[in-house]
Amino acid sequence: MSTIDVRGLGHTFGDLRVLKDVSLQAPGGTFASIVGPSACGKSTLLRVLAGLLVPDEGTAEVGGVSTVSRPGLVSYMPQKDLLLPWRRVLGNATLGAEVGGIKRAEAKRQAGALMERFGLAGFERAWPSQLSGGMRQRLALLRTFLAPAKTMLLDEPFGALDAITRREMHGWLQSVLGAEQRTVLFITHDVEEALLLSDRVYVMSPRPGRIIADVPVTFPKPRPSGAVLAPEFIRLKAELLGALGG
Amino acid sequence: MRRLGASTRRATIEYLPAGLLLAALIAGWEAWVRIFDTRPYIMPAPSRVWTAFLETRGTLPEHITTTLSEALLGLAIAAAAGVALAAILALTPLVRRVLYPILVVSQTIPMIVLAPLLVIWFGFGMTPKVVVVALFGFFPICVSTAEGLLTADREMTGLVRSMGGGRLASLRYVEIPAALPSFFSGLKIAATYAVLGAVIGEWVGASSGLGIFITRAQTAFRVDRVFVAVAVIAVVSVALFAAVHVAARLTTPWMYVNKENKS
C-alpha cells in the first residue's frame, strides 16, 4: 500500500495561480478526502498526481516514486465518467487493466468476478449509453478499481448523482473498499460525504488552493448513513464548515 | 421472428411515402407522354423505357459488371489513400497546415475536364476510370476521417494517458474508434458518387460499361435506353450505399443502440 506524499506543490495557469504550497501526507491504506470550494485547484492537484500535469513547483510522490510526468502510478477517475461509447460494459471495465498491461482474458476474468459486487451483473454486453447514471458511475469506479495501480484518485465520483443514489453509493463504496485496504484520495465538495467515507479530511482554501485544515475522522467503519446524526459527527462537520467558511 | 416482423413493418412505414411518391411521378410521366403524344426521342414513356430494359437485358449485365468493378476498385483505393492521408494530417500539424488548403483547392478542378486528360495519361483501359472514381471518393473520405481523428475527446485520450498508455494506446482505444463513424459518413458520400465517377470515366472512351452504353444510345437517338442506364445507375448506387450502411452498422454497432433499444 502506497503512501501519497505531496510537498510544496504550486501551479499557475497563465496569470491564474491555482495551487500554492500544497502539502499532504496520506499513509498507505488511508481513505483521505479533500473538500474545498469550486475551482480551488482540487482537480489540478489530482492531475499532477495522475502524471498528466507538470507542476511549477513542489513534489508529488506515490509510494516514494515521483508522479511528475509518470502516468500509471495511480488509478485516476476523472470527474466525468469518460466511458468509451464504443466499448461494451465489460470492455470499459477492463480498459485500465488492458492499458496497464494485463492480458485481456485475465482482465475480463477479474472484471467478471466483480460485476456482481459493482451492481453490473447481467449488463456485461450492454453499451454505456444504455446504463443509468448510478451504473455509469459504478462502472467508471470498477474500471479505476481494476487498473494495476492500487492507489486510487477519485475526483467527485458522485457529484452528478441524485441524493438517494448518492446515499446508496456511499454504503456500497464502503463495503467494496472494506474488503481490501486501498489508499484513496477522494475529492468532493460535500462535507458530509467526506466525513462519512474518510479516515482523514483535508480542507482546501479558495484559489490559490492550499490545505488549511487537516481533520482525522476516527469513527469505526463501516459507517451507516445514520452516523451523520451522531453529536461527534456534527461537531466535526461544524469544524469543517467553519474552516471552509473562514 | 416477432422482432423481424416488427422491423419489416417499421421499414415499410418508413419507405412507403417515398415509394408512393415515386409511383405517382412515374404514372404522371406515363400519362403526360400519352396525352401529349410526345416523340420517344424527346421523352420516352416509362412503359417504353421498360421495354427497352427488356431488350437490353442480355447486354446490360456485362456493362454493369464493368462499371461496378471500376467503382468498387476506385472506392477501395479512395478509402485506403483517404484514411492514410487523414492519419498523416491528423497526427502532424505541419503537414496539415501545408496540405489541407491544397487539398481543398484540388476539389475545384472539374472532373469533366480531368477525365479526357486521364485517358491520355493512362490509356483506354480500366485505369483512368478507376482513377476518376478514386479522385471523387478520396476527398470526402479523407476530410471526414481527419475531422473524426482530430475531434476525438481530449479527456478520453487523457484518461488513457493517465493509465500509462502512450500515443499508440490512445489511437487504438480512443481516436480510431471515435473516427470510425466519420469515416463511414465519408465512405457513404464516396459510394454515392462512385458509380457516377466510373460512368464519367467511361464517357471519354471505353469498350464496355454503362458510360459507353449511354454514349451509344445517345448517338442512336435511343433516349429510352439512356433512361434505362440512368435507372440502372441509380439502383446500383443505392445498392452500394446500402452496402456501406450495413458495413457501418456492423463495425460501429454502438452508434445504432439508442434508436432501437432505449426503453
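Predicted model: local features only at pLDDT ≥ 70, side-chain atom pairs only at ≥ 80, totals over all residues.
User: In which loop of chain A does A:Pro222 lie?
Analyst: Residues are numbered from 1 along each chain as its sequence is written, while chains are lettered from A and ligands numbered from 1 in the order in which they are written. The peptide bond from A:Lys221 to A:Pro222 is cis, with omega near 0 degrees. Helices (H or I, at least four residues) and strands (E, at least two) are DSSP runs numbered from the N terminus, and A:Pro222 sits in the loop between strand 10 and helix 8 (231-245) of chain A.

User: What is omega for the peptide bond from A:Arg207 to A:Pro208?
Analyst: A:Pro208 belongs to the loop between strand 9 (200-204) and strand 10 (211-216) of chain A. The bond from A:Arg207 into A:Pro208 is cis, with omega near -5 degrees.

User: Which element of chain A has the highest mean pLDDT?
Analyst: Chain A as a whole has a mean pLDDT of 90, and 99% of its residues reach 70 or more. Helix 6 (residues 163-179) of chain A has the lowest mean among the elements, 85. The highest, 95, belongs to helix 2 (residues 89-93) of chain A.

User: Is A:Ser69 buried or exposed?
Analyst: A:Ser69 is in the loop between strand 5 (65-66) and strand 6 of chain A. Its phi is near 60 degrees, positive in a residue other than glycine. A residue is buried if 20 or more other C-beta atoms, placed from the backbone, lie within 10 Å of its own, exposed if 12 or fewer, and partly exposed in between. With 9 such neighbours inside 10 Å, A:Ser69 is exposed.

User: How many residues does helix 7 of chain B supply to the side of chain B that touches chain A?
Analyst: Two residues are in contact if their C-beta atoms, placed from the backbone, lie within 7 Å. The contact takes 20 residues from chain A and 18 residues from chain B. Helix 7 (154-162), helix 8 (167-204) and helix 11 (257-261) of chain B each supply at least two residues of chain B's side. The largest share comes from helix 7 of chain B: 7 residues.

User: How many residues of helix 7 of chain B are buried?
Analyst: The buried residues include B:Met156, B:Leu159 and B:Val160. Their cover includes strand 6 (75-77) and helix 3 (95-99) of chain A, together with helix 8 of chain B. Helix 7 of chain B is mostly covered, and the buried count is 7 of its 9 residues.

User: Are helix 9 and helix 10 of chain B roughly parallel or roughly antiparallel?
Analyst: The axes (lines fitted to C-alpha atoms over the stretch in contact, with angles from 0 to 180 degrees between N-to-C directions) of helix 9 (residues 210-219) and helix 10 (residues 223-251) of chain B come within 8 Å and cross at roughly 160 degrees. Angles under 35 degrees count as roughly parallel, over 145 as roughly antiparallel, 65 to 115 as roughly perpendicular and the rest as oblique. Helix 9 of chain B is therefore, relative to helix 10 of chain B, roughly antiparallel.

User: How far apart in space are B:Leu103 and B:Val143?
Analyst: B:Leu103 is in helix 4 (residues 93-106) of chain B. It is partly exposed, with 17 other C-beta atoms within 10 Å. B:Leu103 and B:Val143 are 40 residues apart in sequence, but their C-alpha to C-alpha distance is 9.2 Å.

Terms used: pLDDT = per-residue confidence, 0-100.
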